Amino acid sequence: MSRIRIFSGIQPTGRKHLGNYIGAIAQYISSQERGEGIFCIVDLHAITVAYDPAELRARLYDTTAILLAAGLDPGRCILFRQSDVHEHTELTWLLSSVTELGRLQRMHQFRDKSIAQRELVSAGLLLYPVLQAADVLAYRAEEVPVGEDQREHLELMRDVARRFNARFGDGKEVLVVPEHRIPEVGARIMDLQDPTRKMSTTGGSEQGTVYVLDEAKAIEKKLKSAVTDSGSEVRRDPDKPGVSNLIEILAAVRGASPDAIEAEFAQARYGELKTAVAAAVVDYLAPVRERFQELRADEAALESILAGGAERAGAIAAQTLGDVRQRMGVGGTRR
Ligand code: TRP
């Protein structure tokens, strides 16, 4: 009877691009059908690197409005802001006692981000994966839809849950060991100008990155100037990263298989493929951008949606925290 519980977190930073949309946001929308979706905008993760407070708040509203515009329905899922539910920070501290320090120091993301910081490598950056573990474990979520780049974080949270259960569970699965769910199609949308690199807000090229909020003209221009490869056949091949990427994008946007796209374009030239991808991506994103404008204009309405989500999320997380505190022997006893 009980539906599968799905949790994911999304950063409120940066501008969301087509890779984020296909790889993450579209998965959230479809998981509303499959189970009980809980989606968290992770402002507390965003403060682990240099940031501007006013900017953070603005980006948080942007992200909230994009998710709603994309089709997250607060009536069918829980959408909330991480910092509104205090259980996340409390559980982070409690779980830090079953997390190995050396493991945190060896995490790729910690290493990469430490190098990128000019002013300060914060302790928060080191604890980032523990907060992420707390996010998921607080809800006893079974499934976490995120990209390949989150593999290490998922492994860590699974180990933390197992270690907690072994140390404090007394034979019971107090915390659920979650499964990683990587999207099949569109998990790796590549930069249009350098298709050997992932599409990215930080590392990519402006011309090679399609933003969810780009105007139709900009989208067309970016797709039509996408780098293709030598040869002329439209098919996926390791030697044809540009064409392969376009095929993947079209497949993801249409909800078709890459094989079907290849069959459809077997006789076509690269130019025709690009035109088709441009049109499909414009159709895909235009309604999102329109709804976004409306939703983003009303911050009070966004706040009230987030508050409703936080209340429902908090009720679930509080139960887990009650169990965890009890098991760990901290806080008063329950009767
Ligand atoms: N670290 C994730 C990212 O950068 C965001 C995130 C935070 C997350 N908490 C989470 C993802 C919990 C899944 C589950 O994309």
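User: Hi! Which helix gives the most to the shell around the ligand?

Analyst: Hello! In this predicted model, helix 7 gives the most, with four residues. Helix 7 spans 123-137.

User: Which other element supplies at least two residues of that shell?

Analyst: Strand 1, covering 4-10, also supplies at least two residues of the shell around the ligand.

User: Nice. How many residues surround the ligand, and which are the closest?

Analyst: There are 13 residues around the ligand. The closest are Gly 9, Tyr 128, Gln 132, Asp 135 and Gln 150.

User: How does that shell split by class, nonpolar, polar and charged?

Analyst: Six residues of the shell are nonpolar, six are polar and one is charged.

User: Let's get to atoms. What is 2.7 Å from the side chain of Asp 135?

Analyst: That is a nitrogen atom of the ligand, with the 2.7 Å taken to an N or O atom in the Asp 135 side chain.

User: And what about the side chains of Gln 132 and Gln 150?

Analyst: For Gln 132, an N or O atom of the side chain is 2.8 Å from a ligand nitrogen. For Gln 150, the distance from a side-chain N or O atom to a ligand nitrogen is 3.2 Å.

User: What is the space taken by the ligand?

Analyst: The ligand takes the space of the largest pocket, which holds about 1600 Å³.

User: Which residues lie nearest the centre of that largest pocket?

Analyst: Gln 11, Thr 13, Asn 20, Asp 149 and Gln 150 lie nearest its centre, out of 50 lining residues. Gln 150 is also among the closest residues to the ligand.

User: Which helix gives the most to the pocket lining?

Analyst: Helix 1 does, with five residues. Other elements that supply at least two include strand 1, helix 3 (53-70) and helix 8 (151-168). By class, the lining has 18 nonpolar, 21 polar and eleven charged residues.

User: Where else did Tyr 128 come up?

Analyst: Tyr 128 is one of the closest residues to the ligand, and Tyr 128 lines the largest cavity too.

Notes: Residues numbered from 1 in each chain as written. Predicted model: local features only at pLDDT ≥ 70, side-chain atom pairs only at ≥ 80, totals over all residues. Heavy atoms only, no water. Near = heavy atom within 4 Å. Polar contact = N/O pair within 3.5 Å; in protein donor to acceptor, adjacent residues only side chain to side chain. 1 Å grid on protein atoms, 1.4 Å probe; cavity = no way out; pocket = protein on both sides within 12 Å on 5 of 7 lines; lining within 4 Å. Sits in = over half its atoms within 2 Å of the grid points. Nonpolar A, V, L, I, M, F, W, Y, C, P; charged D, E, K, R; others polar. Points joined across faces, edges and corners; volume = space filled by probe spheres on them.
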